[in-house]
Amino acid sequence: MLKQFYDKDIFLSVIQKEDVRKWNLWNKNENKKEIAENLSKNLRENKFKIEGLIKSCHNSKKTYYPKSPTDFFALKILDKYLRRIYQVKQSDRKRIIRQIKTILKENGDFTLIRTDIKSFYETIDFNSILGKIESDMILSPIGISLLKSLKQTFFYVAKINKGLPRGINVSPTIAELYLRDFDISIKEDVDVIYYARYVDDIFLIVDDSKVNIIENEIKQKIEKIHLEFNDDKIFKNSIKEEFSFSYLGYLFRLTSNNEVELLISPKKINKIKTRIYKSFLDYQHNNNFSLLLDRLRFLSCNKVRKKSENGYLMAGNSYNYCDITDPNCFKVFDGFINKKILNIFSLNDLQKNNIKKISFYRAYKNKINVSFTRRQIGNIKKAWGNE
């Protein structure tokens with residue numbers, strides 16, 4: 001069994017700067033070892049069990065969060081050990097997008113199938129995957145105790161008897177483990193030309209003559225692990241003809257000359273437009289023009305998502321949509337603001353000019369970066385609610 005400690009040193013290794021602020025852990029660095037020791041001590045005194053979970057809502061989905069910093073970091077450590085032991089890695093969105101683009105350029109009698117798993121986190125059999133992890137006898141007894149406690153606490157708070165808690169950092173790792181055998185079985189199918197899964201979004205390319213067979217096979221396999229597909233979200237199309245489809249935030253468009261265009265998906269366009277509209281609505285109530293400009297900059301520009309020893313992890317359109325083939329698609333937001341929004345809301349000429357200086361197209365093209373404090377980001381997002 002690999003070493004799996006829950007001592008002061010491992011607690012210190014998983015605490016990041018944003019965690020210090022979020023949990024108000026310490027004001028001076030010289031106190032951090034003492035705090036980490038206290039966290040480890042609290043976990044031992046709680047007999048390696050979760051104290052409780054706080055229920056919330058995000059994107060119309062129920063989410064959960066640990067009540068205490070001890071539980072938060074203990075689960076973070078548990079996630080680290082599970083990923084190391086089972087070699088779990090999240091699928092690379094950028095890599096999947098580029099692979100699909102390459103394959104779509106190939107000539108052949110192929111059909112594309114894309115679907116997603118219905119109520120993914122809510123329907124995973126927590127008992128089943130916990131039993132497997134326990135029988136493998138690789139995770140330490142402390143890790144098993146934490147997992148069992150998480151399951152019991154989640155089931156009690158959510159008043160259910162299956163599923164994984166959304167928002168808890170170890171849940172994506174458990175979900176990946178749960179679907180590992182399913183993924184392998186699909187990839188090993190000789191009739192499947194390409195297969196990718198990003199969380200609950202599934203994408204396949206199969207031989208035209210095998211579409212119905214493969215479709216039935218994957219349906220049986222997903223039902224075998226007590227999951228099901230969203231029947232109303234299944235998309236199928238022959239690659240021989242011109243067509244378009246959305247996947248992972250992109251709109252793929254196969255043209256007559258066998259070129260593949262990558263644009264921002266309609267769903268993402270609508271989401272950003274909604275946020276723009278809500279930003280102006282909020283301005284009508286608070287009359288805070290500076291905050292309105294910050295919201296438009298936040299939506300259009302790039303920002304630092306996380307800072308670490310390895311550098312900056314950036315977020316924003318230039319990074320999330322780096323494979324766009326025609327940056328002009330971002331002009332839809334500039335047109336939406338200048339031709340529609342500015343005609344709806346009452347603003348003076350100076351304010352309109354300041355807004356027009358903010359361009360989604362230029363921000364994408366020139367990779368314009370902005371910086372906001374944690375408090376500013378909180379205020380910026382308030383207008384958009386629990387989308």
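In which sense do strand S8 (residues 250-254) and S9 pair, and over how many bridges? The two strands pair in the antiparallel sense, over five bridges; pairing of two strands requires that DSSP finds at least two bridges between them. Helices (H or I, at least four residues) and strands (E, at least two) are DSSP runs numbered from the N terminus.

The model is predicted, with local features needing pLDDT of at least 70 and side-chain atom pairs counted only at pLDDT 80 or more, while totals for chains, interfaces and linings use all residues. Residues are numbered from 1 along each chain as its sequence is written, and side-chain values use heavy atoms, with hydrogens and water left out.

S8 and S9 belong to an open sheet of three strands, ordered S7-S8-S9 with antiparallel pairing. Strands S7 (243-247) and S9 (260-264) are at the edges and have a single partner strand each, so one side of each lacks a neighbour in the sheet. From one strand to the next, the twist averages 25°. Helix H5 (residues 93-104) packs on the sheet and touches S7, S8 and S9, contact meaning heavy atoms within 4.5 Å. The direction of H5 makes about 10° with that of S8 (axes are lines fitted to C-alpha atoms, for helices over the stretch in contact, and angles run from 0 to 180 degrees between N-to-C directions).

The loop between S8 and S9 contains Asn258, a non-glycine residue with a positive phi, near 65°. Asn258 counts as partly exposed because its relative accessibility is 23% (buried is under 20% relative accessible area, exposed over 50%, partly exposed in between; 1.4 Å probe, protein chains only).
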